[in-house]
Amino acid sequence: GGALMVEDKVRVAVIGLNVGLYHLREYLKIPDVEVVALCDVDAQKLKDVSSKYGVARTYTDYKALLDDPSVDAVSVVLPNYLHGPVSTSALESGKHVLCEKPLASSLPDGESIVKAAEKSGKVAMVPTNFVWMKEAAYTRKLLEDGFFGEVYYGYNCYMRQVGSGIPVRSTYFRKQLSGGGALIDNGFHFVDLNWYLMGCPRPVSAFGATYAEFGPRGKGFTAGETWGDLASNFDTEDFAVGVIRFKNGASMVVENAWAAYVEKELMATRVCGTEGGASIWPFYVTKEEEGKTLAETPDLKDLHAETKFEHFINCIRGGKKPTCSVQQGFMVLKMLFALYESAETGNVVKVT
């Protein structure tokens, strides 16, 4: 059928119950949303979660869940290498899809999701964490109002300290399972936010470098955790740096590390325009007044920003195209894979 009537319940299922528990709890807060089914390969976990949250229908096989006609929409919350096949199948089964970042672990998988989304006409999004912050919503509105003039530069950084940073689950640092390391994991969030605040200009080229100075030595993992022989399985980067150039002449610097010798965890995202600028961590906007540069931190307590889950549901209800669409997620993936290719070859790589 067409768009749902406002009074209809949206019936959601969650596939994958690690980070998926967060999705489940968030959906339960939204009026007229019903979580009707859960899926996980771990039968015991499935049983525990379904009884705790009162979700009667459970599946260990996602294909069986996708055949369930009472499910309108799914959250795909699985290791990266499963995003492609599961999200594509879900869209082909006529479900709306909210897929955890990164969109996929390879460009062909990303492309198959985008094609399935376009063919199905369903809401398909890959919501990163920070676009939904009030600060981001406010800054994006300033951009749209022309406050910054022409935005020509973006910068984003996220660096964790050695010994607190590298995720212990193998699905994060095995290239075959994740597609990459720190850059595709946290970098996806930061590049997506920075690009969004720059107005999503069209990327044309990338130049970068990656390093694995800690993981292969068994250093940098969260203290006190063991997961088999971590070091010998480590085949992704724990540090990435790069610059992306855009068609409009703008550029963006990306710096992302799971582990580095820094005094504390570092987080930053900035945009610089011809008439003004802004930063998210710390939050401020800056412009010139009477020959002086003034920075101020706007008071956002009265600003309402949707959560990514509310946005997903509102797009389903209203038949709207989402912020953080899979098309946008695919473009972020293309930038990251161009940086990876550049790191490997030492050359500037075109983003097509």
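**Figure 1. Strands S1 and S2 run parallel and are joined by six bridges.** The model shown here and in the other views is predicted. Strand S1 covers residues 10-15, and strand S2 covers residues 33-39. Two of the residue pairings can be picked out by name. Val 12 stands opposite Val 35 in S2, and Ile 15 has Cys 39 of S2 as its bridge partner. Of the seven residues in S2, six are buried, so the strand is largely enclosed by the rest of the structure.

**Figure 2. Six strands form an open sheet with parallel pairing.** The strand order is S3-S2-S1-S4-S5-S6. Strand S3 (57-59) and strand S6 are at the edges and have a single partner strand each, so one side of each is left without a neighbour in the sheet. Within this order, S1 and S2 are the pair shown in Figure 1, with six bridges between them.

**Figure 3. Asn 129 lies in the loop between strand S6 and helix H6.** Apart from neighbours within four places in sequence, Asn 129 is in contact with His 189 and Lys 308. With Lys 308, the side chain of Asn 129 makes a polar contact of 2.9 Å. Cys 99 is 30 residues from Asn 129 in sequence, and the two C-alpha atoms are 12 Å apart in space.

**Figure 4. The largest pocket of the model has a volume of about 950 Å³.** Its lining is made up of 43 residues. Those nearest the centre of the pocket are Val 19, Val 77, Leu 78, Pro 79 and Arg 169. By class, the lining has 20 nonpolar residues, 13 polar residues and ten charged residues.

**Figure 5. Helices H4, H7 and H9 and strand S7 each supply at least two residues of the lining of the largest pocket.** Helix H4 spans residues 80-92, strand S7 spans 151-161, helix H7 spans 170-173 and helix H9 spans 182-197. The largest share of the lining comes from H9, with five residues.

Technical notes. Residues are numbered from 1 along each chain as its sequence is written. This is a predicted model: local features need pLDDT of at least 70, side-chain atom pairs count only at pLDDT 80 or more; totals for chains, interfaces and linings use all residues. Side-chain values use heavy atoms; hydrogens and water are left out. Helices (H or I, at least four residues) and strands (E, at least two) are DSSP runs, numbered from the N terminus. Contact means heavy atoms within 4.5 Å. A polar contact is a pair of N or O atoms within 3.5 Å; within protein, one must be able to donate a hydrogen and the other to accept it, and residues adjacent in sequence count only if both atoms are side-chain atoms. On a 1 Å grid over the protein atoms alone, a cavity is a set of points where a 1.4 Å probe fits but cannot get out, and a pocket is an open set with protein on both sides within 12 Å along at least five of seven lines; lining residues have an atom within 4 Å of a point. Grid points are joined across faces, edges and corners, and a volume is the space filled by probe spheres set on the points. Ala, Val, Leu, Ile, Met, Phe, Trp, Tyr, Cys and Pro count as nonpolar, Asp, Glu, Lys and Arg as charged, and the others, Gly among them, as polar. Buried means under 20% relative accessible area, exposed over 50%, partly exposed in between (1.4 Å probe, protein chains only). Two strands pair if DSSP finds at least two bridges between them.
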